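Have a look at the model on the screen, and I'll talk you through the interface and then one of the chains.

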Protein chains: 2
Amino acid sequence: MLSQKTKTLLTKLSQKKYRKEMLAFVVEGIKGVEEALAHADVLMLIVDGAKRDESIFSSLIAKAETEEILVEYAGHKDIEAMKYTETFPGVMAVVAMPEEQDDIDADTIIILDRVNDPGNLGTIIRTADWFGIHTIILSEGSVDPYNEKVVRSTMGSIFRAHIVQSHNVLSDVEYLKETGYSIAALDMRGTPIQKSSATKKQVLLFGSESHGLSEELRALVDTSYTIPGKGQAESLNLAMSVGIALYQLS
Amino acid sequence: MLSQKTKTLLTKLSQKKYRKEMLAFVVEGIKGVEEALAHADVLMLIVDGAKRDESIFSSLIAKAETEEILVEYAGHKDIEAMKYTETFPGVMAVVAMPEEQDDIDADTIIILDRVNDPGNLGTIIRTADWFGIHTIILSEGSVDPYNEKVVRSTMGSIFRAHIVQSHNVLSDVEYLKETGYSIAALDMRGTPIQKSSATKKQVLLFGSESHGLSEELRALVDTSYTIPGKGQAESLNLAMSVGIALYQLS
């Protein structure tokens with residue numbers, strides 16, 4: 001059985017307000033918890049009591065205990081009451097948010113303007129990690145990267161990402177431009193992206209699913225690219241556009 | 001208010017069994033309904049009664065009435081009772097499933113082995129449409145392509161897709177091979193996909209999110225490709241892999 005304190009903690013961490021206040025978030029599932037134990041500051045492990053003797057779970061428990069991480073076991077009723085997933089994947093961890101680093105000097109930086117779909121953001125973080133890109137700046141008005149759906153769809157890549165939640169993305173882009181970054185964006189009216197190639201110090205700028213790029217940001221763009229299509233679909237999904245751009249440019 | 005008959009119909013169509021029996025499915029949202037009216041056989045339109053005078057909805061209603069399609073209006077309580085979406089997007093349509101065409105002669109054919117995530121399948125159908133590819137064969141054990149989550153994430157591309165639900169994907173691939181198709185697959189151990197190029201009569205074969213390609217299918221593959229990554233992510237999301245492959249090969 002989970003303690004009342006833990007139940008309250010989990011309920012709170014399902015809300016952005018409390019995640020921000022407590023500087024912690026939840027990751028679920030074997031893969032995500034493994035990555036958290038390897039790369040992040042795990043505050044607590046919660047395991048389905050009925051599964052504690054299965055080898056994969058007992059090795060996670062052993063790892064946590066070695067590092068003196070608190071482990072609690074969830075009973076049947078605890079699991080029914082959990083709101084995180086439809087089916088509890090047997091294990092979850094409470095993880096400390098990484099401190100934001102202010103110095104940004106990556107060769108490639110992804111900036112997302114008002115991305116609002118958690119699955120899209122998670123897939124973007126995972127795909128960027130695949131291509132070795134870790135710096136992602138989110139404009140004000142974006143979905144919280146520590147939202148459980150985002151975390152889940154990163155498949156553990158969240159722990160290798162350097163995510164900056166900007167308070168003024170416009171001035172961030174201006175600053176990056178001044179320090180030598182070229183600003184590239186995807187746009188329906190750009191040059192075919194096949195003609196592009198990777199350059200040093202590059203910002204890749206993507207607009208939101210519903211509103212595209214703001215006019216102010218668009219004015220700062222040095223080069224616009226498009227992913228040419230032959231069919232009749234109106235657009236590509238945002239995460240797909242980002243993934244194809246990263247594939248082409250990396 | 002919706003009639004009792006319509007309420008029963010909608011409840012039934014949320015289940016695969018009844019979709020198959022009735023050869024009909026549901027599409028929600030303005031974009032999806034517009035595409036259905038343009039490309040498919042719409043059996044019925046359901047509009048939020050409170051929104052019927054808004055211009056976008058009234059033009060959809062006018063279009064339906066011109067084509068003698070039954071229109072019903074949903075009341076506040078009907079909408080609360082609807083299970084389809086968390087927020088009803090104001091309009092939905094009941095659409096007849098297209099008849100399966102048996103003759104397959106597309107230049108590029110996508111085959112998915114046991115894809116099980118509705119969002120992935122929907123994104124694959126949408127992305128394939130973007131690149132002008134319309135023939136998609138689903139192996140036995142795949143998610144139903146007329147599942148409401150699949151339909152929603154195709155963003156209307158489902159109405160331009162030629163989807164074949166195979167009863168024996170192994171013999172289908174053997175048959176395509178005999179009739180001159182080359183069989184390409186994505187695989188962690190393949191040639192970098194940058195070295196590939198589009199060819200005529202090509203099958204692109206993708207394994208499931210959790211199990212990859214079956215051994216029997218793998219034995220039929222002519223060329224394996226991989227999408228090289230530099231980071232530490234264990235894999236790309238399935239829809240992302242398909243999208244990048246289509247971008248490269250088209």
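So, between chain B and chain A we count 20 residue pairs in polar contact, both at pLDDT 80 or more; that's a pair of N or O atoms within 3.5 Å, where within protein one must be able to donate a hydrogen and the other to accept it, and residues adjacent in sequence count only if both atoms are side-chain atoms. Bear in mind this is a predicted model: local features need pLDDT of at least 70, side-chain atom pairs count only at pLDDT 80 or more, and totals for chains, interfaces and linings use all residues. Residues are numbered from 1 along each chain as its sequence is written, chains are lettered from A and ligands numbered from 1 in the order in which they are written, and side-chain values use heavy atoms, with hydrogens and water left out.

Salt bridges next, meaning a side-chain nitrogen of Lys or Arg within 4 Å of a carboxyl oxygen of Asp or Glu. The rule finds two across this interface. In a salt bridge, Glu234(B) meets Lys31(A), at 2.9 Å from N to O.

How much area do chain B and chain A bury between them? About 3000 Å², 60% of it on carbon and sulfur atoms; buried area is the accessible area (1.4 Å probe) that two parts lose on being put together, summed over both. Trp130(B), Met240(B) and Tyr247(B) supply 28% of what chain B buries against chain A, more than any other three residues.

Last, chain A: its C-alpha atoms fill a box of roughly 60 × 40 × 30 Å along the principal axes.
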